[in-house]
Amino acid sequence: MAVPFLPTLSTFFIILSAVLVAIGWYLIVKKNVEAHKKTMLAAAVAALLFLIIYVSRTILVGNTSFGGPDHLKIYYTIFLIFHIALATTGAVFGVVTIRAGLKNNLVKHRKLGPITSVIWFFTAITGVAVYLLLYVFYKGGEVTSMFRAILGF
């Protein structure tokens with residue numbers, strides 16, 4: 001079964017961002033501040049590339065609705081809403097955490113960094129799960145507006 005290009009590409013970027021966050025965390029534990037900064041900014045760029053691809057696809061093409069069994073649709077929908085909430089929270093935390101680091105507000109940065117990283121790891125994991133459910137485990141449903149794809153009406 002062929003996987004769709006744009007969803008696969010955007011999922012790659014979200015995985016890349018999570019891997020880079022993990023590397024950045026390791027680097028700061030080792031006190032390598034400059035490498036940490038570069039790696040975390042690269043993670044932010046990867047996340048931004050995901051967002052650009054996702055939003056562009058949503059606007060230009062639409063979203064893929066769940067094509068799995070009807071009895072699983074409610075569980076998928078709840079999971080998707082959880083993922084969206086995590087992603088939104090993680091993005092806001094990410095911007096605030098990066099901004100604090102760049103402004104040298106290290107007290108705030110050190111406090112938020114671990115929380116932001118954990119949220120982002122769960123966002124990436126749940127994002128991959130959504131991708132697998134939409135394009136690998138089940139054949140994707142119809143491509144439709146975002147609200148219809150998420151809420152099913």
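Visitor: Where does Lys31 sit?
Guide: Lys31 is in the loop between H1 and helix H2 (33-60). Bear in mind that this is a predicted model.

Visitor: Is Lys31 buried or exposed?
Guide: Exposed. Its relative accessible area is 69%, and exposed means over 50%.

Visitor: What about phi of Lys31?
Guide: Phi is near 65 degrees there. That is a positive value in a residue other than glycine.

Visitor: And phi of Asn104?
Guide: Asn104 has phi near 65 degrees, again positive in a residue other than glycine. Asn104 belongs to the loop between H3 and H4. Asn104 is exposed, at a relative accessible area of 56%.

Visitor: Switching to the overall fold. How many helices and strands?
Guide: Five helices and two strands. Along the sequence they run α-α-β-α-α-β-α.

Visitor: What does the C-alpha trace span?
Guide: About 50 × 25 × 25 Å along the principal axes of the chain.

Visitor: What percentage of the chain is buried?
Guide: Buried residues are 35% of the 153 residues. As for contacts between residues at least 6 apart in sequence, 76% join residues at least 24 apart.

Visitor: Now helix packing. What describes two packed helices?
Guide: The angle between their axes and the distance between the axes.

Visitor: So what are the values for H1 and H4?
Guide: H1 (residues 5-29) and H4 (residues 106-136) pack at about 155 degrees, with axes 10 Å apart. Angles over 145 degrees count as roughly antiparallel, so H1 is roughly antiparallel to H4.

Visitor: Left-handed or right-handed crossing?
Guide: The crossing of H1 and H4 is left-handed.

Visitor: Which residues meet there?
Guide: From H1, they include Ile14, Ile15, Val21 and Trp25. From H4, they include Val118, Trp120, Phe121 and Tyr131. The residues of this contact divide into 15 nonpolar, four polar and no charged.

Visitor: Different spot. Which helix holds Thr88?
Guide: Helix H3 (residues 70-102).

Visitor: What does the side chain of Thr88 reach?
Guide: The backbone oxygen of Ile84, at 2.8 Å.

Visitor: How accessible is Thr88?
Guide: Thr88 has 47% relative accessibility, so it counts as partly exposed.

Conventions
Residues numbered from 1 in each chain as written. Predicted model: local features only at pLDDT ≥ 70, side-chain atom pairs only at ≥ 80, totals over all residues. Heavy atoms only, no water. Axes fitted to C-alpha atoms, helices over the stretch in contact; angles between N-to-C directions. Helix = DSSP H or I, 4+ residues; strand = E, 2+ residues; numbered from the N terminus. Parallel < 35°, antiparallel > 145°, perpendicular 65-115°, else oblique. Left-handed = near helix turned anticlockwise from the far one by under 90°. Contact = heavy atoms within 4.5 Å. Nonpolar A, V, L, I, M, F, W, Y, C, P; charged D, E, K, R; others polar. Buried < 20%, exposed > 50% of the residue type's maximum accessible area, 1.4 Å probe, protein only. Polar contact = N/O pair within 3.5 Å; in protein donor to acceptor, adjacent residues only side chain to side chain.
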